[in-house]
Amino acid sequence: MDEIKRLNLSFNLQRKNDRIAYNIIRSKRQKTAYIIKAVLAYEGVTQEERELIRIKRAFREVIKEMKLTADKHCDFAEESQIPDEVFQIFDSI
């Protein structure tokens, strides 16, 4: 059961923001789902952004493995072929 974790939160109801947040969370039926959505929205992490980060990471790995370098005009310094996996990544988008 290590995949399910619990967090206990404390609210100081004398502080205005704590009181507002507490009342909002308390009013929700599915508190965990609400908290997850709220945190991700606050952090600016959307599904599209997560996918973009994943694609960038994969693309960086491919470029690193190919040892590609480009000059300031983005002309590749040496000829090499881009592997089909890179195009498959873009096709899957």
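A search of the whole structure, which is a predicted model, identified 2 salt bridges. Side chains of opposite charge can pair when their charged atoms come close. One of the salt bridges joins D18 to R15, with the closest N and O atoms 2.7 Å apart. D18 has a relative accessible area of 15%, and D18 is therefore classed as buried, because the cut-off for this class is under 20%.

R54 is partly exposed, with a relative accessible area of 48%. E51 is also partly exposed, with a value of 30%.

The secondary structure of the protein consists of 4 helices and 0 strands. Read from the N terminus, the order of the elements is α-α-α-α. Of the 93 residues in the protein, 8% are buried. The accessible surface amounts to about 9,300 Å², and carbon and sulfur atoms account for 53% of that area. Among contacts in the protein with a separation of 6 or more, 18% are between residues 24 or more positions apart.

Empty space around the protein atoms was also examined. Rolling a probe the size of a water molecule over the atoms shows where empty space is left. The largest pocket has a volume of about 480 Å³. Its lining is made up of K5, R6, L7, L9, F11, Y22, I25, R26, K31, T32, I35 and I36. Helix 1 (16-27) and helix 2 (31-43) are the elements that give two or more residues to this lining. Helix 2 gives the most, with 4 residues. By residue class, the lining of the largest pocket divides into 7 nonpolar, 1 polar and 4 charged residues.

Conventions
Residues numbered from 1 in each chain as written. Predicted model: local features only at pLDDT ≥ 70, side-chain atom pairs only at ≥ 80, totals over all residues. Heavy atoms only, no water. Salt bridge = Lys/Arg side-chain N within 4 Å of Asp/Glu carboxyl O. Buried < 20%, exposed > 50% of the residue type's maximum accessible area, 1.4 Å probe, protein only. 1 Å grid on protein atoms, 1.4 Å probe; cavity = no way out; pocket = protein on both sides within 12 Å on 5 of 7 lines; lining within 4 Å. Points joined across faces, edges and corners; volume = space filled by probe spheres on them. Nonpolar A, V, L, I, M, F, W, Y, C, P; charged D, E, K, R; others polar. Contact = heavy atoms within 4.5 Å. Areas by Shrake-Rupley, 256 points an atom, 1.4 Å probe, with all protein chains shown as cover.
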